[in-house]
Amino acid sequence: MTTPSTTTDIDVLEALALANDRTAVIDGLVAGSPEQLYWRAIDAQQRGDLAAVDEILDMWPTKRDRRTFERLRRRQVLLKASANFNDHADDLIRALGVSLDDQQDQEEVQAAQHPVALDESALDEQALVASALARGRSAIEDDLSAWGLRLVDPRALDAPCRRAYLVRVGAEPAASIAALPHVVDAIAAELAEPSAGAFGSLVVHHKLTSEALESLVALRPELLAHPTRVELAVARLRPAAHEDLAEDTSTRAAYLDEALRVLE
């Protein structure tokens, strides 16, 4: 950026720097030129005559050397603010393009408005499951994950919720069902309901282990001779596919003994 200080002849600059009275030197510049207006304003600012500088700025040619005008105007604002900051603070802010708003950082504001840590009580598994169960059977059917099912005590459920629980459990793998607590108790209670279907009507019945079937018979003795219960119990005893009952007499004998015990 060029200003009169960089375009003025060196001899004129020396005269301006050394002269006791700069007025004569400035009067010798081209009348009305940005160069003469600039040095006249600088001289007035150094003398403290800021009102004279305002007059020079008002008469500045609108389309000539706007960079010099802006530089001079900002210098004028700084000098006025130095003398009386309160009266010229707004002018200084506009001239410098800065913001002096004393506002709290937005991140700090958001941190104050929103939690920055999780409430430990909100992460309690039992509390979360209890909150879900309070919404009724729909929560069991749609909301609880397989992980959540392990926290449900089906003995505390009413009949509709207990049936929804058993239907939901029936969708899980047999190994997962075996790990769930009190499933056999829930099945026994369900079978005691007048509106319940027969044993075998729910998928979960068909996924019980041999131990679970025996525990169920202990709770519901009438199932001992139930065809579906017997079929499932015998199926659990069936030897592995690689074992040949026709050739392996010891395996066949053990299988038949266990089958007879189930039928007794």
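Is H182 buried, exposed or partly exposed? Select H182 to begin: its relative accessibility is 29%, so H182 counts as partly exposed. The cut-offs are under 20% relative accessible area for buried and over 50% for exposed, with partly exposed in between, using a 1.4 Å probe and protein chains only.

Before the next stop, note that this is a predicted model, in which local features need pLDDT of at least 70 and side-chain atom pairs count only at pLDDT 80 or more, while totals for chains, interfaces and linings use all residues. Residues are numbered from 1 along each chain as its sequence is written, and side-chain values use heavy atoms, with hydrogens and water left out.

**The whole chain**

Show the whole chain as a cartoon. The secondary structure comes to 17 helices and 0 strands. Helices (H or I, at least four residues) and strands (E, at least two) are DSSP runs, numbered from the N terminus. The chain has 264 residues, and 33% of them count as buried.

Contact means heavy atoms within 4.5 Å. Among contacts between residues at least 6 apart in sequence, 48% join residues at least 24 apart.

Select V12, which lies in helix 2 (residues 10-18). V12 has 17% relative accessibility and so counts as buried. Leaving aside neighbours within four places in sequence, V12 is in contact with V25 and L29. Draw a C-alpha to C-alpha distance from V12 to L29: the two are 17 residues apart in sequence and 8.9 Å apart in space.

Next select S33, in the loop between helix 3 (22-27) and helix 4 (34-47). S33 is buried, with a relative accessible area of 9%. S33 and P61 are 28 residues apart in sequence, and their C-alpha atoms are 8.6 Å apart in space.

**Helix 5 and helix 6**

Select residues 50-58 for helix 5 and residues 66-83 for helix 6; the two pack at an angle of about 155°, with their axes 11 Å apart. Axes are lines fitted to C-alpha atoms, for helices over the stretch in contact, and angles run from 0 to 180 degrees between N-to-C directions. The angle makes helix 5 roughly antiparallel to helix 6. Angles under 35 degrees count as roughly parallel, over 145 as roughly antiparallel, 65 to 115 as roughly perpendicular and the rest as oblique.

Show side chains for the contact: L50, V53, D54 and L57 come from helix 5, and F69, L72, R73, Q76, L79 and K80 from helix 6. By class, these residues divide into 6 nonpolar, 1 polar and 3 charged. Ala, Val, Leu, Ile, Met, Phe, Trp, Tyr, Cys and Pro count as nonpolar, Asp, Glu, Lys and Arg as charged, and the others, Gly among them, as polar.

**Back to H182**

Return to H182, in the loop between helix 13 and helix 14. Phi of H182 is near 65°, a positive value in a residue other than glycine. Most residues other than glycine have a negative phi.

Which residues of helix 14 are buried? They are V183, V184, A186, I187, A188, E190 and L191. These buried residues pack against helix 12 (159-169), helix 13 (174-179) and helix 15 (210-219).

On the helix 12 side, A159, R162, R163, Y165 and L166 meet V183, A186, I187, A189 and E190 of helix 14. This contact has 7 nonpolar, no polar and 3 charged residues.

Helix 14 and helix 15 pack at an angle of about 40°, with their axes 9 Å apart. That angle makes helix 14 oblique to helix 15. The contact is made by V184, D185, I187 and A188 of helix 14 with A212, S215, L216 and L219 of helix 15. Its residues divide into 6 nonpolar, 1 polar and 1 charged.
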